Amino acid sequence: MNEIVPAWVFDWTGSILVGVSLLYLIPKKLAYWHFSNASLLPYFILFLAGEQFMLAGLQLAYLIFGIHGYWLWHLEQRRDQQQHPFNELFWYNLGWVLTLLIFAYTAYITGFSNTWAWLQFAIVSLSLLANWATTRKWVWSWYVWLPVNLLQSVYFWHYEYLALFLLQFVLFSLSLRGLVVWRREREIHA
């Protein structure tokens, strides 16, 4: 990157914000969405400057999921506590449709000239699936996050994004923890 602010600033800023967000994810606290959304701007700038358009587009998709997920969790909480129904079909599918549009556009503008572009495609595809399942609080989302973290660690190591590389090991560990906690919760409530 040839700019005024070095790439590592965006790498570390985004990673710290993601790290904080994860403290709220496993217990399913709404603050997760605030910190997660805040991490998107530094990552968007980092990936856009590196001409990694699918990963930059993923940040936009994450923003849609972030706003959408926050609102869904709020609606679900209101429904469960106050018996206030909402149009679940519309709200559950809105974020997914918007995200697919972003995905299609970023896939269109990405040149698939090397293995790293195809790895980026796999990472983004799996991340979108996992994020969608996370907004629904489905246990299987953690099974998708695990390979995403592994693939991203390889990708970020190659591009020398040290904070993102290290973050993948934290995310992998937390994905294992999330899987155990969410699966246990599902069994208790079943």
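I began with the surface: the chain exposes about 10100 Å², and carbon and sulfur atoms supply 68% of it (areas by the Shrake-Rupley method with a 1.4 Å probe; for residues, only the protein chains shown count as cover).

I noted that this is a predicted model, where local features need pLDDT of at least 70 and side-chain atom pairs count only at pLDDT 80 or more, while totals for chains, interfaces and linings use all residues. Residues are numbered from 1 along each chain as its sequence is written, and side-chain values use heavy atoms, with hydrogens and water left out.

Next I looked up the elements and found eight helices and zero strands (DSSP runs, H or I of at least four residues for helices, E of at least two for strands, numbered from the N terminus). The radius of gyration is 17 Å, close to the 16 Å from the globule rule for 190 residues, so the chain is as compact as a globular protein of that length (taken over C-alpha atoms; the rule is 2.2 Å times the number of residues to the power 0.38).

Then I checked burial: 43% of the 190 residues are buried (under 20% relative accessible area, 1.4 Å probe, protein chains only).

I picked helix 3, residues 40–49, and found Leu 40, Pro 42, Tyr 43, Leu 46 and Phe 47 buried. Down the helix axis they fall within an arc of 165°, so they line one face (the arc is of directions from the axis to the C-beta atoms). They pack against helices including helix 1 (7–25) and helix 4 (53–82) (contact means heavy atoms within 4.5 Å).

Last, I saw that Glu 51 follows helix 3 and has a positive phi, near 55°.

Conventions. Buried < 20%, exposed > 50% of the residue type's maximum accessible area, 1.4 Å probe, protein only.
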